[in-house]
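Dear colleague,

I am passing on the structure we spoke of, and below it you will find my notes on what was found there. Please read them with the coordinates open beside you.

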Amino acid sequence: MTHLDDAKNWLAQDPDPVTREELAALIDGAELGEATAIAALRDRFGSRLAFGTAGLRGELGAGPNRMNRVLVAQAAAGLARFLLDRAERPEGSAPSVVIGFDGRTNSDVFARDSAEIMAGAGVRVTLLPRMLPTPVLAFAVRHLDVSAGVMVTASHNPPRDNGYKVYLGDDDDGAQIVPPNDGLIHEAILEVARSVAVGDLPRSSAFEVAGEDVIDAYVERTAAIAGGGSGGTAPVPFAAVPFVYTPMHGVGWEVSQRVFAAAGLGEPTVVAEQVEPDGGFPTVSFPNPEEPGALDLAIATANRAGAELIIAHDPDADRLAVAVPRPESATADSAGWRRLSGNEVGALLGWRAAERLQREGQDGALAASLVSSPALGVIARHYGLDYRDTLTGFKWISRTPRLRFGYEEALGYLVNPGTVRDKDGISASVEFLTMVGELAAAGRTLADRQNDFDALFGAFASAQVSLRVTDLSRIGEIMSALREQAPAEIGGVRVRDVDDFIGGFGDYPPGDILRFWMHGGARVIVRPSGTEPKVKVYIDASSEQGSVSERRAAAQAEVAALEAGMRALVA
């Protein structure tokens, strides 16, 4: 099937000259029988981007299986239909939406198209005034008390990607979409695509552009975390530490700089080559602070500046990465820095949240995705707090009743759920920098705090195996093979139990997840990535025996054995 008719119909309604030219060339090639053009049309028109973990997300290009102005117009019209049909409202009122965008290619265009189409459909629209971080949009959904929010971003995905992230207000309290609403929105989008040409969708310029007061409010609320966040106790002595900051060519710097100043955290040394937004991400091969080499420029800057800490955001600033000097690397010209894992940062921030709740005589819940370290559950039990493991993604974590802190191992942290119901790299930065500053004022270091943690709760170690595929069918093959012939041992460690989430497990809805419990308490979880063509493996172990150094060595040795075993299984 060449999909020529589908491509020609798409071309007829595409308003973007770039994708029109691209698609016209493919159509010409396919009509001449060129195999590469036929394969390209099959890839672009044989399927359609659907709402998933992060709403819509995909590579820029023509066709329903790419991010482009036609697809975004259909998404905006479908979301408008969903909002108009969602609930009864007082006569004469309309649902409302706030729309934000980052610095990726076409983010501003997609946001403007969405504003015009949703306004044309009868939705009351507020467009954020310029490219801004995702946490500002998530904040604005609640701050403006709107029915929904849209953020045009692909977060930390490759440069050629873009996306469309949807939040809901009202009873959803500003959280990301979850079933059944994601399916209902998808069906509304399909109905638009089947029945209306993009050029026939009504548009209106009668939408509001938000004022600076929205950004000011976010800055004020986020900076307040440095004073204790909940405002129940006197300030703790604080000594600012010199740090380096990079937004990784994203949109985090403007707002982060204001927040750091308002919180009294000082002015960081910025990575000059990465401080301005640039959708081409010229200095990194992959704009994700988790990727090897992504922090190289930040490390070089920190060594020159004599900084004690590196704070990095991903391009839309909803994730936080932290790097610290290795103890054995004391020379000024050494590049010896270590990025803390998401589990390490999550455990330290979770412990801090639990201590604060105890100090203030408050109750609440901690939450983490089920692929994150078990450490947060141990903290919650120690302090008598509720704890919940959720499916992956902050759309689930943020919905935990009485949530006070939540995190996921992929560098996402929710430290201020009263303000933002999503991961927020800026507020997490404030909390982490405040913690380090309080330690410094007491003559202590982050390493001291980590030693205290391992002595009190045990040492936890984690590792990941990510298998990137070019053929998506390979993901299904790997998961099926593990189901059909579950391993009796992994890396020499015997498997005790296997939990299969494919038909639902306990309170969890169905999901393509396998969890292996090992004799001795370690855990291995395997699942497909929700945003990238990968199979991901999460490995966790802990030890409470012996000294801190002995505990760490035991946990790390077990993780290393399990990692080697899983690499052999899924390679």
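In which sense do E18 and strand E19 (residues 493-500) pair, and over how many bridges? The two strands run antiparallel to each other, and their pairing rests on two bridges; across it, glutamate 489 stands opposite arginine 494 in E19. They belong to an open sheet of six strands in the order E17-E22-E21-E20-E19-E18, with antiparallel pairing. Strand E17 (459-468) and strand E18 (489-490) stand at the edges with a single partner strand each, so one side of each is left without a neighbour in the sheet.

Please bear in mind that this is a predicted model. The average pLDDT of the chain is 94, and 95% of the residues score at least 70. Two stretches call for caution: over residues 229-233 the pLDDT is below 50, and this stretch has seven contacts in the model beyond near neighbours in sequence, while over residues 329-334 the pLDDT is also below 50, with four such contacts. Where pLDDT is low, the predicted coordinates should not be read in detail.

The buried residues of H7, among them Ile185, Ile189, Leu190 and Val192, pack against helix H4 (69-86) and strand E5 (161-168). H4 also takes part in covering the buried residues of H1, together with helix H2 (17-31) and helix H3 (35-45); in helix H1 (residues 4-13) those buried residues are Leu4, Ala7, Trp10, Leu11 and Gln13.

The largest nonpolar core holds 87 residues, of which Val255, Leu309, Val322, Ile379, Tyr413, Phe432 and Leu446 touch the most other members. Leaving aside neighbours within four places in sequence, phenylalanine 432 is in contact with Leu309, Val322, Leu340, Val345, Leu348, Leu349 and Leu446. Apart from this core lies another, of 56 residues, including Leu56, Leu60, Phe110 and Ala115.

Finally, glycine 252 is found in the loop between strand E8 (243-246) and helix H9 (253-262), and is buried, with a relative accessible area of 0%. Not counting residues up to four places away in sequence, glycine 252 touches Pro133, Tyr245, Pro247 and Ala317.

With best regards

Notes. Residues numbered from 1 in each chain as written. Predicted model: local features only at pLDDT ≥ 70, side-chain atom pairs only at ≥ 80, totals over all residues. Heavy atoms only, no water. Buried < 20%, exposed > 50% of the residue type's maximum accessible area, 1.4 Å probe, protein only. Helix = DSSP H or I, 4+ residues; strand = E, 2+ residues; numbered from the N terminus. Contact = heavy atoms within 4.5 Å. Core = buried A, V, L, I, M, F, W, Y, C linked by side-chain atoms within 4.5 Å. pLDDT = per-residue confidence, 0-100. Pairing = 2+ DSSP bridges.
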